[in-house]
Amino acid sequence: MSPFDWTVRPARPDDVEPLTDLKLVVLRPEFERLGIWNPPRHRARFVREFMADETRVVEGDQRLLGCIALHPDGDTTWLRHFYLAEEARGQGIGTALLTEAIGSVTTGSITLDVLTGSRAVSLYERTGFVVVDQDDVDTVMRRD
């Protein structure tokens, strides 16, 4: 897809279902690669963790393209639910969102959980995250 205009806005409570649907489409290949494809479980987790006031939604070409969330938790802020539709990748959107998210956290560390072997690991490493724990499914990274 050629580059297109995109915007970021605060999430609304009614974004939960369309964002869940998009997550299942975007992450299905990764979940299948790891042998953990379970749509009801993935859907329930996203719905349980979704907090509109912590989430930013990416839109472009008159549709949802992804989201990113920051969840404060003690001395760290968890970066959660960061994903983009395939056609939105490779255009600097993910880097811009991540840079903005990092800049908005003024105290403590930022921690994230990414699927082991995901190509997103290199994006996180380029922005100063380091691996602090890893298993066959999850890689936990932190930026102090």
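1. E49 is buried in this predicted model. Its relative accessible area is 15%, which falls under the 20% limit and is therefore counted as buried. The residue belongs to helix 2, which covers residues 39–49. Leaving aside neighbours within four places in sequence, E49 is in contact with R80 and H81.

2. The largest nonpolar core holds 40 residues. Those touching the most other members are L19, L79, F82, L98, Y124 and F129. Several elements supply two or more residues to this core: helix 1 (16–33), helix 3 (93–104) and helix 4 (120–126), together with strand 2 (55–60), strand 3 (63–73), strand 4 (76–84) and strand 5 (109–115). Helix 1 gives the most, with 6 residues. As a general point, nonpolar side chains in soluble globular proteins tend to be buried together.

3. What does L98 touch, not counting residues up to four places away in sequence? The list is I68, L79, F82, L123, Y124, T127 and F129. Among them, L79, F82, Y124 and F129 are, like L98 itself, listed with the core members that touch the most others.

4. W6 is found in strand 1, residues 6–10. With a relative accessible area of 29%, W6 is partly exposed, because that class lies between the 20% limit for buried and the 50% limit for exposed.

5. Not counting residues up to four places away in sequence, W6 touches V58, E59, G60, L65, I93 and A96. One of these, I93, is 87 residues from W6 along the chain, and the C-alpha atoms of W6 and I93 are separated by 8.2 Å.

Methods: Residues numbered from 1 in each chain as written. Predicted model: local features only at pLDDT ≥ 70, side-chain atom pairs only at ≥ 80, totals over all residues. Heavy atoms only, no water. Helix = DSSP H or I, 4+ residues; strand = E, 2+ residues; numbered from the N terminus. Buried < 20%, exposed > 50% of the residue type's maximum accessible area, 1.4 Å probe, protein only. Contact = heavy atoms within 4.5 Å. Core = buried A, V, L, I, M, F, W, Y, C linked by side-chain atoms within 4.5 Å.
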